[in-house]
Amino acid sequence: MGVDIGLSNYLNIPESDVKKLVEAARYAFSKQLEIIKRGSFDSIILYAANNVSLLFILTKFIQKYKKNTEIIVMDQFTFEPVTPYLQSVYTHKDITGNEIKIFQEFDPLATLLEEHMSEMIDTVVVGEGYDYLRKKFNSEEILPSYKLNEVIFESPNGRKCSIVQSERVELDTLPFPDYSDMNDIYEFADIEFQRGCTFECVFCERTRMMRREIKYHSPDYIVKMIKHIKTYGFKRFTVIDCALNNNQQYMLEVLKAIDSQGLDIEYQGNLRTQETCDELIRLLKRTGCSVIALGIENGDEDVLKSMNKKQNLSKMLSLLEKISNNGISLMLFLIIGFPTENLINLSSTVELLVKIKEHADIEIIEIEFYHAGHIQKLQPNVYDEYGIEWKNSYEGMNLKDSSFNFFKPGVFGSAFYKRGMSRVDLASATNLYVKHLKENKIRFSMLYY
């Protein structure tokens with residue numbers, strides 16, 4: 001049985017459409033598949049793509065080349081993790097144990113996965129996964145505090161799939177990263193001071209992935225890690241923390257430790273749009289921070305409230321002014337197409353950007369289309385409050401993908417908001433953004449669909 005036929009049977013879509021997907025996956029993963037074909041592997045770890053269907057196509061390729069190789073799926077810590085969604089397919093619960101059976105009614109892919117997922121994946125690791133990996137591969141570094149909760153589910157055909165819940169890790173127990181294969185590819189090295197967030201913005205998945213808990217590296221560890229990474233030739237860093245001003249007292253201690261060592265580095269990071277002390281901003285600049293990214297998201301108070309984005313616009317303007325006055329460039333992020341937004345709300349965001357421009361220098365603006373992600377789909381209020389309906393509008397297509405709400409015709413299907421903007425409205429909104437930004441001489445950088 002070929003890959004195409006297998007997927008057509010599993011996912012219940014026409015072979016003509018399967019062939020398109022298979023060719024796209026074959027092209028995207030060609031290098032990895034060549035390595036898999038030539039190598040000998042007992043286990044292969046896949047870091048989940050936010051498109052579940054393409055993830056399964058890759059697993060079918062692997063099974064074609066390595067029939068008895070165990071397939072393990074884990075998440076990178078993106079804003080749209082996949083593994084809690086895969087866990088919920090079997091458990092009908094979110095990662096905190098809340099019942100979420102309602103999403104089964106709206107997500108036809110979930111029923112399909114419940115029947116066939118174990119034929120494609122052996123183990124799903126939910127959480128950070130360090131404890132699982134150390135135990136799985138017999139590492140001597142297993143710490144006594146690590147706990148793993150593993151539940152085995154059996155599909156109707158008798159195949160089994162293990163769901164492993166991995167605990168949060170104490171960050172200082174992690175080894176320093178190895179960048180030996182990256183220093184000739186990347187200009188910036190990723191570095192992390194703290195992991196997690198205490199806020200629960202509807203469009204972000206971090207809190208629902210890692211709960212409202214932040215783990216911290218110690219200032220001493222961070223200094224040693226920076227020195228270690230510099231040995232690979234890096235002097236420029238991207239700090240991947242959700243918000244450097246989440247815990248301001250902690251960040252002051254970190255920045256003072258970096259400053260005391262006279263580390264010659266340049267870095268960029270993220271701040272939350274909240275009141276931030278002057279000393280923190282000065283230390284960011286003093287220690288080499290050149291760019292700060294902030295999620296402005298929207299200029300309409302009602303839309304921000306529906307996003308659960310606890311943002312005070314006057315405090316935000318004060319923060320942006322302080323950052324700009326300290327010679328740090330601003331990168332602003334906006335969300336377009338949130339279900340509670342309409343074309344009228346858009347003018348509020350443009351007015352806010354014009355006001356920001358009066359107080360601060362905007363270096364880059366990035367706009368992203370909102371889409372209902374995996375974890376958001378597991379929140380019952382998403383359906384009731386925003387009226388998201390998943391259905392297929394393309395003749396001959398039955399597959400409903402759970403990742404995005406906008407696809408090119410004839411590929412997956414789509415989601416429709418009973419509230420919010422239509423596709424025509426979204427196109428108009430995009431054109432209006434570009435037009436207004438150009439008229440107000442605000443440089444527009446990127447648009448993510």
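Visitor: Which cut-offs make a residue buried or exposed?

Guide: Relative accessible area decides, taken with a 1.4 Å probe on protein chains only. Over 50% is exposed, and partly exposed lies in between. Buried means under 20%.

Visitor: What is the relative accessible area of Cys161?

Guide: This is a predicted model; local features need pLDDT of at least 70, side-chain atom pairs count only at pLDDT 80 or more, and totals for chains, interfaces and linings use all residues. Residues are numbered from 1 along each chain as its sequence is written, and side-chain values use heavy atoms, with hydrogens and water left out. Cys161 is buried, because its relative accessible area is 0%.

Visitor: How many disulfides are there?

Guide: A disulfide is a pair of cysteine sulfur atoms within 2.5 Å. By this rule the count is zero.

Visitor: Which cysteine has the sulfur nearest to that of Cys242?

Guide: Cys242 is in no disulfide. The nearest cysteine sulfur is 5.1 Å away and belongs to Cys197.

Visitor: Where is Leu352, and is it buried or exposed?

Guide: Leu352 sits in helix H15, residues 343–359. Helices here are DSSP runs (H or I, at least four residues), numbered from the N terminus. Its relative accessibility is 7%, so Leu352 is buried.

Visitor: Within what arc do the buried residues of H15 fall?

Guide: Asn345, Leu346, Thr349, Val350, Leu352, Leu353 and Ile356 are buried in H15. The arc is that of the directions from the helix axis to the C-beta atoms. The buried residues line one face of H15, because they fall within an arc of 155 degrees.

Visitor: Which residues are exposed on the other side of H15?

Guide: The other side of H15 has three names to note: Ile344, Glu351 and Glu358.

Note on methods
Helices (H or I, at least four residues) and strands (E, at least two) are DSSP runs, numbered from the N terminus.
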